[in-house]
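Here are my notes for a colleague who is opening this model for the first time. Please read them with the structure in view.

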Amino acid sequence: METLDALIVDVNDVFWTYLLIPLIAVAGVWFTLRSKAVQVRLFPEMLRAVTGRAALAPDGRKHVSAFGAFTISAAARVGTGNIAGVAGAITVGGPGAVFWMWMMALLGAASAFVESTLAQLYKVREPREGGTFRGGPAYYIQRGLGKRWGGIVFAVVITLTFGFVFNAVQSNTIVAVTSNSFDVVGDRWFEALVGVAMVLLLGLVIFGGVRRIAHVTTVLVPLMAVIYLVLGAIVVVVNISELPRVIADIVGSALGFREVAGGAVGAAIQQGVRRGMFSNEAGLGSAPNAAATAYTTHPVKQGLVQALGVFFDTLLICTMTAFIILSANPDLSVRQGADLTQSTLADSLGGWAGHTLTVVVMLLAFSSMIGNYYYGESNIEFMTASRYVLPAYRVTVLAVVLLGAFGRVDTVWNLADVFMGAMALVNLLAILPLSVIAFKLLDDYTAQRKEGLDPVFTTDRVPGLRNVDCWDPDDLLEKPTSR
């Protein structure tokens with residue numbers, strides 16, 4: 001097992017250092033320049049879009065709202081990456097890793113905008129659940145680039161990554177924090193009990209369809225975010241005198257001469273980008289699957305919503321975690337992962353806070369498993385219409401969740417890096433050539449806003465679009481209105 005771990009680590013280092021990190025940086029810079037910094041320039045529009053109401057279908061049924069789609073993606077984003085992932089990044093890359101997570105979010109928000117706008121444009125109607133849609137990279141690779149084989153490749157990779165590997169990460173983290181909270185670390189019977197409980201609860205949700213998924217995440221995500229932010233805010237207030245030191249450690253470790261000379265900056269960049277992508281998923285190709293489920297009057301609106309999700313995840317939740325850890329100035333050689341966050345929180349506020357975090361992590365990870373599952377489901381439906389495959393996928397996901405409860409933490413996270421990198425590579429290579437379409441849609445959106453309208457898109461507004469199903473003028477459910 002140790003030999004396998006070492007091999008995975010070596011592959012990750014080469015893959016991320018020499019291929020993926022440069023590609024992520026180039027894509028983020030290009031999208032930012034080409035869109036005139038859409039992630040900053042249209043920030044007020046992001047807030048407007050996320051609060052948009054769900055429209056009624058002609059038969060009276062409600063679509064998944066922009067906020068509902070936001071919470072599906074946030075359910076996968078706001079998970080163990082915010083607690084265990086940030087702690088792991090700091091452990092390996094030092095405080096400077098947090099700085100590079102920030103940079104990843106600022107550039108990555110532009111990538112998130114492009115991929116989710118494309119997902120909305122090329123979405124299709126869900127035949128088995130009236131009033132809903134599905135889509136994502138597999139769909140825009142096939143419809144936008146005309147390469148179904150590329151869509152199949154992405155669909156396979158995302159199903160393996162999210163449906164199986166990432167759900168094992170979430171399961172493993174739940175077991176880690178609950179075992180630590182109840183002081184039964186290493187107890188196989190306890191791990192089995194927690195694993196079975198997760199399987200039963202997840203099974204109840206995932207056999208209920210996308211509406212139940214959206215309903216559950218709409219409730220869970222705001223609740224868990226509020227609880228965690230309250231805990232973090234208390235830590236900030238209690239340790240407010242440490243704030244200048246923490247910021248200095250983050251920036252200094254990221255850019256300091258000593259760190260550059262010692263090679264620590266390389267580790268900080270690697271960990272910051274890896275854990276940043278695991279946390280906010282910008283450019284990864286996962287959030288577009290959720291973005292496509294929403295009914296909205298213009299594809300750009302959902303692109304803006306998902307860009308906001310990147311800021312919400314990294315600049316707010318992850319930064320809070322970093323402060324909780326670094327304000328306690330812990331010994332990073334003793335603990336890593338979620339138990340590091342848990343122990344430092346308990347040191348700052350008392351044992352009750354550590355137990356409260358256990359509940360929060362369980363909610364975070366469980367909601368992430370729901371979002372992860374849906375990404376696999378959407379892509380399986382892209383690959384095949386067989387009525388036997390989806391039930392088999394659901395059962396396999398539940399089995400992986402159970403197995404993840406017993407896995408080694410380092411092995412599970414290293415595998416997650418491999419699969420996540422492969423997925424990001426396929427998606428970024430697809431959205432780079434397709435981004436020209438996303439920017440045409442952005443131009444149309446801003447032109448309508450300048451006229452004082454609530455933007456509405458139909459295919460006749462951008463001539464030359466092909467293989468677009470859901471944006472014909474006859475399909476429009478709402479007419480443009482002034483704002």
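**Notes on the model**

1. Start with a helix pair. The axes of helix α9 (residues 188-206) and helix α18 (residues 389-404) come within 8 Å and cross at roughly 155°. That makes α9 roughly antiparallel to α18, a term for angles over 145 degrees. Axes here are lines fitted to C-alpha atoms over the stretch in contact, with angles from 0 to 180 degrees between N-to-C directions. Helices are DSSP runs of H or I with at least four residues, and strands are runs of E with at least two, numbered from the N terminus.

2. The α9 and α18 crossing is right-handed, meaning that the near helix is turned clockwise from the far one by less than a right angle. On α9, the contact residues include Gly195, Val199 and Gly203. On α18, Arg394, Val397 and Leu398 are among them. Contact means heavy atoms within 4.5 Å.

3. A word on the basis. This is a predicted model, in which local features need pLDDT of at least 70 and side-chain atom pairs pLDDT 80 or more, while totals for chains, interfaces and linings use all residues. Residues are numbered from 1 along each chain as its sequence is written, and side-chain values use heavy atoms, with hydrogens and water left out.

4. Now the whole chain. It has 19 helices and four strands. Of its 483 residues, 60% count as buried, that is, under 20% relative accessible area with a 1.4 Å probe, protein chains only. Among contacts between residues at least 6 apart in sequence, 83% join residues at least 24 apart.

5. An unreviewed UniProt entry places the feature "transmembrane region" at several spans, including 15-33 and 149-169. Such annotations may be inferred rather than shown by experiment. In the model, residues 15-33 are 100% helix, with end C-alpha atoms 26 Å apart. Residues 149-169 are also 100% helix, and their end C-alpha atoms lie 29 Å apart.

6. Look next at Asn289, in helix α14 (residues 287-291). Asn289 is buried, at 0% relative accessible area. Its side chain reaches the backbone oxygen of Gly285 at 2.9 Å.

7. Finally, check two loop residues. Lys36, between α1 (2-34) and α2 (38-41), has a positive phi of about 55° although it is not a glycine. Lys36 is exposed, at 63%, where exposed means over 50% relative accessible area. Asn467 lies between β3 (453-454) and β4 (481-482), and its phi is near 60°. Asn467 is partly exposed, at 44%, which falls between the 20% and 50% limits.

Notes
A polar contact is a pair of N or O atoms within 3.5 Å; within protein, one must be able to donate a hydrogen and the other to accept it, and residues adjacent in sequence count only if both atoms are side-chain atoms. Angles under 35 degrees count as roughly parallel, over 145 as roughly antiparallel, 65 to 115 as roughly perpendicular and the rest as oblique.
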